[in-house]
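The exercises below are meant to be worked through with the sequence and the model side by side. Each task is followed by a solution that goes step by step.

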Amino acid sequence: MDTQMQDGHAADQKDTVARALGWFSLGLGTAQIAAPRVVERLIGLNGDRQAVMRLLGAREVASGVGILAQRRPTPWLWARVAGDAMDLALLGRAFRAADARKARVAGAIAAVAGVTVPDVLESLRVSASRPVRVKASTTVRRPVEAVYDFWRDLSNLPRFMIHLDSVEERGDRSHWRATAPGGRTVQWDAELIDERPNELLRWRGSGQVPNEGTVRFVEAPGNRGTEIHVSLAYEPPAGELGALVAKLFGEEPQTQIKDDLRRFKQVMETGEIVVSDGSPAGVSAKQQLRQRPAQPLEVTS
Amino acid sequence: MRALCWEGRNKVSVENVPDPRIINGRDAIVRITSTAICGSDLHLYDGYIPTMKSGDILGHEFMGEVVEVGRDVQNLTVGDRVVVPFPIACGACAQCQAEKYSLCENSNPNAGLGEKMFGHPLCGIFGYSHLTGGYAGGQAEYARVPFADVGPLKIEDDLTDEQVLFLSDIFPTGFMGAELCDIQPGDVIAIWGAGPVGQFAAASAFLLGAERVIVIDRFDYRLRMAAQNAGAETLDYRGTDVIEELKEMTGGRGPDACIDAVGMESHHDVGAIYAYDRVKQALRMETERPFALREAIMACKSGGTVSVIGVYGGFLDKFPMGSLMNRAITIKTGQCHVQRYMRPLLDRVRRGEIDPSFVVTHRLSLDDAPEAYETFKHKQDNCVKVVLKP
């Protein structure tokens, strides 16, 4: 698994084929809605099924917009495949209808079958498991040496990466443990594969959750402290463990990494993790969505 | 303890809630002796600020006695009398170091929410929605004050609560509004809104050397207060073309600077125009009713400054960008960096340059708070400022 820094966001899975299919859907759908009778004639029908044609057009437009506008086009590409199957079934019925011009209907069936091939291939391609990549950065008003040293002591990481229980250094390797919601423990080993003091740490993790990442430390201009740039990729495992990992890192791994960096900044600059009544555990994406009221917690000790 | 909780739009009630306690080393617990209702609390009350939750304790203008301090608080001891600034600020980040405390990069545990809505996160604020951190507010018997080594201002002389309470928000906010105008000798400053912040903006504009101050509102009793206390000229906008009238009052130049001390729920005299924005706001097609701001921009002299200290929450329509750009108007704005102003303003109070207690019209107990919100909102009983005693 490679983690090149310039690789960018996890979801950028759209290539020219997907885009072309998106535009094709939009074009066809628009024609079906605007000129249903013309389209019907073109595929050998007699033009009395305009309502059905318009509905099919709406479906095409939805798929097209979905593929072109969504960050993750995968479900919309599969929607195209389902649409192809539906079209083939409808055309099959039309072929048997008494009033159909069979040659044209057969041509239409061939055309749909033809486009089904790239639809299926592209859907399979974007659905294939691939590493999730995220990156995030922050600036901390502390000298680069202090920032690097704090991070390099890996046992400090659970202070601001709240999903981590512990990181133990064992020689040139480290052992990481995290608890997923529901209490299950996920653990993995990691090794530093590059270490340049005050500049860069690069690691590779193996075991249950293959992962790889880089933290770069850059002196910010004009005495603004230190920029920290994190870039990481992990291979989401399949099955039950995969579901656990997904829970652990949340729906938006980038938000999680950003929150980790916010807490890192808080610890480095203020010496504490900032908490409120609504967010008693401090910065966390999940908690921000499920706030408790802004009033003091009942003491339960 | 007893605390005023937001229960939903136009509904607040005094409830029994758990007492706050020290969580972090830099926290303090303050027993509140005086707390006020702010005009911006009405935006919460009216339901225009998103991310409120039923049960949220309101209040961001409060003072009291320190009853407990965390292990890292060296500057305060139990028994100290303090005024607490409304923005929560760490004192250590780049913004705090530049004295821009309301832009603190660390004090909001819900930073991600603000970042999604505003591009970058907001600071933490007491009792002001979960977008600003979900902190319990100060309309209560006690409050937990984070970063107590940075914010609270110790009051060591015999000034009354009412003379120093407003250092928590409205006096510094009004003062900053005037300071943003960069007042030069001879300047005429126009201020939209004669509420408490407008009153302090008017008084501050004179403190900073304005030649004349014109306050615009539609409530006689509030305009009278601005005239009597600050010595401002007043303009009742009902049935008046404000822009023309301001030109008339300034020899055609227009005010050198304009202050919007109204914000997102302004009122308009022309029914149809008011209805347009009222409906769009009700349908959530815009979050603001920006009449005062539009008018302030149009009225301001070419090359002048519009200082926006009224609170806005989202997006507005029909913003006169053409007037702004072509006439080189500067807009300056921001939540007040209260910590920066507290001590110098306290010195002005001590020297007798201003007595902030002039805005207080209603003194009630915390238990009367729900009724006080109604009185304040509907401007009944000549209400300008309510102080509550827990």
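**Exercise 1.** At roughly what angle do the axes of helix α8 (residues 242-249) of chain B and helix α10 (residues 291-299) of chain B cross?

Solution. The model is predicted, so local features need pLDDT of at least 70 and side-chain atom pairs count only at pLDDT 80 or more, while totals for chains, interfaces and linings use all residues. Residues are numbered from 1 along each chain as its sequence is written, with chains lettered from A and ligands numbered from 1 in the order in which they are written.

Step 1: helices (H or I, at least four residues) and strands (E, at least two) are DSSP runs, numbered from the N terminus. Step 2: with axes taken as lines fitted to C-alpha atoms, for helices over the stretch in contact, and angles running from 0 to 180 degrees between N-to-C directions, the axes of α8(B) and α10(B) cross at roughly 40° and come within 10 Å. Step 3: B:V242, B:I243 and B:L246 of α8(B) meet B:E295, B:M298 and B:A299 of α10(B), where contact requires C-beta atoms, placed from the backbone, to lie within 7 Å. Step 4: by class, this contact holds five nonpolar residues, one charged and no polar, counting Ala, Val, Leu, Ile, Met, Phe, Trp, Tyr, Cys and Pro as nonpolar, Asp, Glu, Lys and Arg as charged, and the others, Gly among them, as polar.

**Exercise 2.** Describe how chain B is divided into domains, and which element gives the largest share of the side of domain 1 that touches domain 2.

Solution. Step 1: an automatic or database domain assignment supplies the bounds, giving domain 1 (2-169 + 336-389) and domain 2 (171-333) of chain B. Step 2: the centres of these two domains, taken over C-alpha atoms, are separated by 25 Å. Step 3: 25 residues of domain 1 of chain B are in contact with 21 residues of domain 2 of chain B. Step 4: on the domain 1 side, α1 (39-45) and α12 (338-350) of chain B are the elements that give two or more residues, and α12(B) supplies the largest share, five residues.

**Exercise 3.** Find where confidence in chain A is lowest and highest among its helices.

Solution. Step 1: pLDDT, the predictor's confidence in each residue from 0 to 100, averages 84 in chain A, and 85% of the residues score at least 70. Step 2: confidence is lowest in helix α10 (residues 285-289) of chain A, at a mean of 61, and highest in helix α6 (residues 144-152) of chain A, at 97. Step 3: over residues 1-12 of chain A, pLDDT stays under 50. Where pLDDT is low, the predicted coordinates should not be read in detail.

How values were computed: Two residues are in contact if their C-beta atoms, placed from the backbone, lie within 7 Å.
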